[in-house]
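Biologist: I'd like to learn how to read a few features off a model. Can we go through one together?

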Amino acid sequence: MSRIAIVGAGVAGLSAAAALSEDGHEVLVFEGEDQIGYHASGRSAAMFEENYGNATVRALNRATGPGLRRMGVLTTRGILMVAQAGEQERFQQDQTDMGMEPISVEAARSRVPILSDKVAYAAFHNAAMDLDTDAVLQSFLLQARQNGARIETAARVDAVRPGIGLNVAGAEVAAEIVVNAAGAWADEIACLSGVTPIGLQPYRRSMARFPAPGGHDVRSWPMLFGAGESWYAKPDAGS
């Protein structure tokens with residue numbers, strides 16, 4: 001079996017650690033932040049929709065679905081897309097790509113009563129699920145640790161030498177294989193490894209949480225997004 005170092009302790013790194021350690025490999029996980037899942041894995045929209053994304057992402061979604069269902073981390077939410085009169089082309093493209101059913105504006109408003117008169121088109125898909133992202137991360141973390149994997153946080157990777165190992169916070173670590181699971185910072189790890197970057201760029205992510213408008217009970221509302229995914233909104237903890 002191999003000694004494998006994984007750079008990044010988000011959902012990609014921890015799921016890889018769980019699977020590789022299950023196969024008997026010696027696994028070391030290094031995360032530069034002070035906690036696991038600090039960036040995208042802990043700040044996502046927390047939704048699982050098999051038809052979301054390009055062809056590659058949709059294939060990964062379909063492959064991932066059965067495992068998530070076995071983990072018990074999915075609950076039905078549904079997803080509602082709305083568009084204004086000038087957005088018909090983008091609306092129809094998204095509707096086709098995501099396999100959504102067109103519904104009337106009145107039907108959409110029965111699900112989300114605050115929709116304005118500017119809404120001209122609506123489509124709905126009931127199979128979109130809320131995803132308990134923390135439960136996913138903690139499950140993979142527990143599995144990896146039970147299999148003997150070592151997870152270190154606040155452990156910044158300074159250098160990578162393919163086939164030899166890596167330098168972490170000034171210390172040399174031997175590893176036959178290095179897995180680059182650094183998310184939006186994967187290009188940085190690629191450059192440290194002498195691998196050509198592919199153009200990944202980290203961006204700031206912003207969100208706002210506000211009280212349910214008009215005193216509505218939003219718990220049963222679907223996730224709501226605009227054509228072209230220009231914006232989205234999702235019920236969260238009563239807000």
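Biologist: Does G42 count as buried, partly exposed or exposed, and why?

Modeller: First, this is a predicted model, so local features need pLDDT of at least 70 and side-chain atom pairs pLDDT 80 or more, while totals for chains, interfaces and linings use all residues. Residues are numbered from 1 along each chain as its sequence is written, and side-chain values use heavy atoms, leaving out hydrogens and water. Buried means under 20% relative accessible area, exposed over 50%, and partly exposed in between (1.4 Å probe, protein chains only). G42 has 49% relative accessibility, so it counts as partly exposed.

Biologist: Where is G42 found?

Modeller: In the loop between β2 and β3 (47–48); strands are DSSP runs of E, at least two residues, and helices runs of H or I, at least four, numbered from the N terminus.

Biologist: How do helices α1 and α5 pack?

Modeller: Two packed helices are described by the angle between their axes and the distance between the axes. Here α1 (residues 11–22) and α5 (residues 133–146) pack at about 30°, axes 8 Å apart. That makes α1 roughly parallel to α5, a label for angles under 35 degrees.

Biologist: Which residues of α1 make the contact?

Modeller: V11, L14, S15, A17, A18, S21 and E22, against α5 residues including F140 and L141. Contact means heavy atoms within 4.5 Å.

Biologist: What else is L14 in contact with?

Modeller: Leaving aside neighbours within four places in sequence, the contacts of L14 include A9, I36 and I151.

Note on methods:
Axes are lines fitted to C-alpha atoms, for helices over the stretch in contact, and angles run from 0 to 180 degrees between N-to-C directions. Angles under 35 degrees count as roughly parallel, over 145 as roughly antiparallel, 65 to 115 as roughly perpendicular and the rest as oblique.
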